[in-house]
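Q: I am new to this structure. Please pick one part and take me through it closely.

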Amino acid sequence: MQQLDTIKSLIADGRIDEAVAMCEAEASRETDAGRLEMIYYTLGNAHRKREDWQRALNAYQRAIDINPSGPAATARKMIIEILNYYYKDQFNQ
């Protein structure tokens, strides 16, 4: 899907707002489950780049709902691990 490549380029260039808008537009039109999964995964990547963790998790979850073994499952798990990270020595000085 050429649109997905364009969205990935926008994310790489730091044009996150444009990438999010394109993902949302594509998701509203897409009917193929495989493509829709990748759109939500890419949307999660855009939100992750912006460090908007909740929106990234939500987008990844929508991709996981379509394909539980897809790349969004790993990405979502990584964000949760980052958010749950606790370095006790740092807080006990």
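A: Helices here are DSSP runs of H or I with at least four residues, strands are runs of E with at least two, and both are numbered from the N terminus. By that rule, Ile 11 sits in helix H1.

First, the ground rules. This is a predicted model: local features need pLDDT of at least 70, side-chain atom pairs count only at pLDDT 80 or more, and totals for chains, interfaces and linings use all residues. Residues are numbered from 1 along each chain as its sequence is written, and side-chain values use heavy atoms, with hydrogens and water left out.

Now the whole chain. It holds six helices and zero strands. From the N terminus, the order is α-α-α-α-α-α. The C-alpha trace spans about 55 × 30 × 15 Å along its principal axes.

Setting aside neighbours within four places in sequence, Ile 11 contacts Ile 16, Ala 19, Thr 42, Ala 46 and Lys 49 (contact means heavy atoms within 4.5 Å). Ala 63 is 52 residues from Ile 11 in sequence, and their C-alpha atoms are 18 Å apart.

Ile 11 also belongs to the largest nonpolar core, which has 24 residues. Such a core is a set of buried Ala, Val, Leu, Ile, Met, Phe, Trp, Tyr and Cys residues joined through side-chain atoms within 4.5 Å. Ile 7, Ile 11, Tyr 40, Tyr 41, Leu 43, Tyr 60 and Ala 72 touch the most other members.

Follow Tyr 41 next. Beyond four places in sequence, Tyr 41 touches Tyr 60, Ala 63, Pro 71, Ala 72 and Ala 75. That leads to the helix pairs.

Axes are lines fitted to C-alpha atoms, for helices over the stretch in contact, and angles run from 0 to 180 degrees between N-to-C directions. H3 and H4 cross at roughly 165°, and their axes come within 8 Å. H3 is therefore roughly antiparallel to H4 (over 145 degrees; under 35 is roughly parallel, 65 to 115 roughly perpendicular, the rest oblique). On the H3 side, the contact includes Leu 36, Tyr 40, Tyr 41 and Leu 43. On the H4 side, it includes Trp 53, Ala 59, Tyr 60 and Ala 63.

H3 also packs against H5. Here the angle is about 25°, and the axes are 10 Å apart. H3 is therefore roughly parallel to H5. H3 brings Glu 37, Met 38, Tyr 41 and Arg 48 to this contact, and H5 brings Pro 71, Ala 72, Ala 75 and Ile 79.

One last stop is the loop between H3 and H4, where Glu 51 lies. Its phi is near 65°, a positive value in a residue other than glycine. Glu 51 counts as exposed because its relative accessibility is 56%.

How values were computed
Buried means under 20% relative accessible area, exposed over 50%, partly exposed in between (1.4 Å probe, protein chains only).
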